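Work through the exercises below with the sequence and the model open. Each task is followed by its solution in steps.

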Amino acid sequence: MALSHDVLVVGAGLAGMRAALAAQAAGADVAIVTKVYPVRSHSNAAQGGINAALNPEDSWESHAYDTVKGSDYLGDQDAIEILAREAPGAIVELERMGVVFNRDEHGRLGSRNFGGASHARTYFVGDFTGQAILHVLYEQLVKSGIRTYNEHFCSQLLADGGGAVAGVTAFDMRSGEVLQIGARAVVLCTGGIGRVFEPSTNALICTGDGSALAYRAGAPLMDMEMVQFHPTTLKSNGALISESARGEGGYLLNSEGERFMKKTAPNAMELASRDVVSRAAQIEINEGRGVDGCVLLDVRHLGAAKIMERLPQIRELGLEFAGADMITDPVPVLPGMHYQMGGIRTDVHGATPIAGLYAAGECACVSVHGGNRLGANSLLETVVFGRRAGAAAAEFASGRKAASLPESLRDDEERRLRTLVERPGTERTAALRLEMGTTMTRQVGVFRDEPTLRDAERKLALLRERFAGVSIGDKGRLFNQALVAALELDFMLDLARTVVAGAIARTESRGAHTRVDHPRRNDAEWLRHTLCHHTPDGPVVSTAPVTITQWEPTERKY
Amino acid sequence: MSAEMVLSVFRGEPRDGAEHEYRVPLAPGMVVLDAIRWIQAQLVPDLAVRWNCKAARCGSCAAEIDGRPKLMCKTRLDAYRGRVLHVRPLHTFPLVRDLVTDVSWNYRVAQRIPPPATALPAPLNMQARDVGRSQEFHRCIECWLCQDVCHVLREHGGQGQYVGPRFVAKIAESEMHPLDVGDRIDFLVAESGIGLCNVTRCCQEVCPEAIRITDNAIIPLKERVADRDWDPVRRLTRRWRRRAGRSGPPGRTGG
Ligand SMILES: Cc1cc2nc3c(=O)[nH]c(=O)nc-3n(C[C@H](O)[C@H](O)[C@H](O)COP(=O)(O)OP(=O)(O)OC[C@H]3O[C@@H](n4cnc5c(N)ncnc54)[C@H](O)[C@@H]3O)c2cc1C
Ligand code: SF4
Ligand code: SF4
Ligand code: FES
């Protein structure tokens, strides 16, 4: 039976659910394909909060300016203006849907400080903001009657004769059945590429599937070299200690007990933007003022009561995975891969250069984050641009006839997957994945230079060759995770190469991208986005201008 | 150094399965999920198991560990050193394969739960203390551990009669919202099956988010149901509040 919808959303995190609801509100017949149940999506990990200029003393211009500055002037200012202007409405809408944000002493919405922000404009639900919003949006999704293909893995984008996107193939992980789902418009909301690096703060399913699908279909990936390393992750398992620990007043100390941020950001101190703090921490560690390869996060002076009220989950993480009680001991932390600023290039309506293909959320690059994302701007991006992409996709779908795709496409995909499962080989997915991840962390991390990047490029090309020898250890159909893992690795190998290609091309230091062989920001040549295009021989890089509306680039000081 | 542990893991499909033993090298701080993933990566690549966040956030990795429903990513192995550790799928839901069960019944129940109803326009004014009561239930990660342990759902036929502790907590989440104006009493009486719960507290004991499901959701809601039978004034007040909310200034709608 041929399945078909007006708008098909791939992904059911915050961006995906928001896009689906908006497309339905615009009158479209909508469905969602997701590889995990919606509430399992990685958006549930966001602890800190969501930004908006809601206070009378604050303004959207100030929020926008902080974001532009945080992006090291690589963000597109038209998109950033939209983000900041629509933020207050988005928060109010979430509260109306049932998100119970924390309050201030007057019973109004209460906010906290976050890095790189000139006002306290981060709104939050305890320390489980993402999860609270995700579950409330899920409730809306349930109420809406939108069909969700749960635990269905999207494996391919389908195009019509004219090159426009016309649907996807996906397989039902529980039964192994392959489906062909037609659509007049597809919105990719597949989240970040975290697992290209090992370790990472991201969940295990953050493998950038949608980004790779779009890339292979001919959509360029923008600014892929811009990878955010969060300054405070745990050594044992890469888990994140949220910025709220510093937002509430936590210190970062080196082995001499010194608040080393005073050397690089005497005003903002620990609350400078993340790229600045990560670099400073890495320098302490590299120059021998670390403790066991870490620096120390100290919140003891906040007192037990405040820690228990504001940071209970974070304390628990410290207890569980670092064996330290933050009430009595500082916790060792180090910079770790956290977020991808780059992604599928879109306009402010979420449209990619391919007709019928849209993207929103962490997989997309509008670009509001440029060279460095400010904390709590990303949940905001998912709801603001998820809504816009859903509405735009619905409009596009209403003006287009459904393409009639041959049903043999389904059979072709089934055959491709069968061949993959049955092929002989000696390589293992898990081993290749680990090698890719550690190569990326060691050679494409906080500090980069050309020879090391070139070497990483060679290693990745070799891993790509070895992938052809991967044999899949599960030959069955029911819940075949070995097949899923191999497909994810296949996607990630493409994405890793785009990160390296972008990093080699950008011969300057900007935002999260630090080239020790090109230590200065170079606006004359590099106030530009990098674009990675897919070719059979690997990525080819071109550039595109940055949109400036009212803020001319100046030197960044915190 | 090379400490080891033996895990006895259920493998198989609905009518054909048994536990198999695997030897796993131990590392400090290791959790059950690390061991299971090690087994999957090194010994049996076709082991089926759900996981995602590794941080007790996503609710994917529920299993019965030594007979107790727990999150595999939150259960340290050191607590079980020196004996064989049994890992089995949730018992209350139909088996798909190995450690994966079909939990879709829960999502079908979710569709029947009356949604929150705050008729006033946001942003709302409410006190931190009141907000806290509803927030407790927002912590739920839908891991289904409480649904698995509840004897009403575990026993044959119970799933046709009771929505289970998670969904009573969900109703409480809306009921305790300071500005809620919905009336879920009819649903509680006629459809939820809350009367079948005999307050054993097993559900709140297994909740990884430490939500006091029985004390803060089930018991207060049982009281509201009882109230309704003898307290017509309270019932009227709720009705009135609801109507006042509806005729208030128009709120923003989604979109
Ligand atoms: C630990 C942590 C803390 C964070 N804290 C904050 C914070 O405090 N504030 C903030 O603003 N941001 C924060 N972030 C970032 C933010 O959480 C994410 O950027 C955001 O949630 C991404 O949402 P999304 O909807 O784009 O993707 P996700 O929520 O990751 O959803 C991706 C969806 O795509 C689906 N999918 C993927 N591939 C496929 C496929 N092949 N087939 C079918 N479906 C597929 C998945 O099933 C999933 O539903 C944090 C991130 C981390 C890691
Ligand atoms: S207290 Fe009620 S809901 Fe909870 S486990 Fe016992 S019977 Fe089930
Ligand atoms: S109430 Fe607790 S045990 Fe039950 S599903 Fe939610 S988090 Fe899990
Ligand atoms: S893996 Fe997410 S809860 Fe255990």
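**Exercise 1: a helix in chain A**

The buried residues of H1(A) are Leu14(A), Ala15(A), Gly16(A), Met17(A), Arg18(A), Ala19(A), Ala20(A), Leu21(A), Ala22(A), Ala23(A) and Gln24(A). The model is a predicted one.

Task: State how H1(A) sits in the structure, and what covers its buried residues.

Solution. 
1. Helix H1 of chain A runs over residues 14-25, which is 12 residues. From first C-alpha to last it reaches 16 Å, close to the 16 Å expected at 1.5 Å a residue.
2. A residue is buried if 20 or more other C-beta atoms lie within 10 Å of its own. Because 11 of the 12 residues of H1(A) are buried, the helix is largely enclosed by the rest of the structure.
3. The cover over these buried residues includes strands E1 (3-10), E2 (30-33) and E9 (178-188) of chain A, together with helices H4 (129-144) and H11 (378-398) of chain A.
4. Just after H1(A), Gly27(A) has a positive phi of about 100°.

**Exercise 2: ligand 2**

Task: Which residues come nearest to ligand 2?

Solution. 
1. Of the 14 residues around ligand 2, the nearest are Cys150(B), Pro165(B), Cys197(B), Thr200(B) and Cys203(B).
2. The shell divides into 9 nonpolar, 4 polar and 1 charged.

Definitions and conventions
Residues numbered from 1 in each chain as written. Chains lettered and ligands numbered in written order. Predicted model: local features only at pLDDT ≥ 70, side-chain atom pairs only at ≥ 80, totals over all residues. Near = placed C-beta within 6 Å. Nonpolar A, V, L, I, M, F, W, Y, C, P; charged D, E, K, R; others polar. Helix = DSSP H or I, 4+ residues; strand = E, 2+ residues; numbered from the N terminus. Expected span 1.5 Å × (residues − 1). Contact = placed C-beta atoms within 7 Å.
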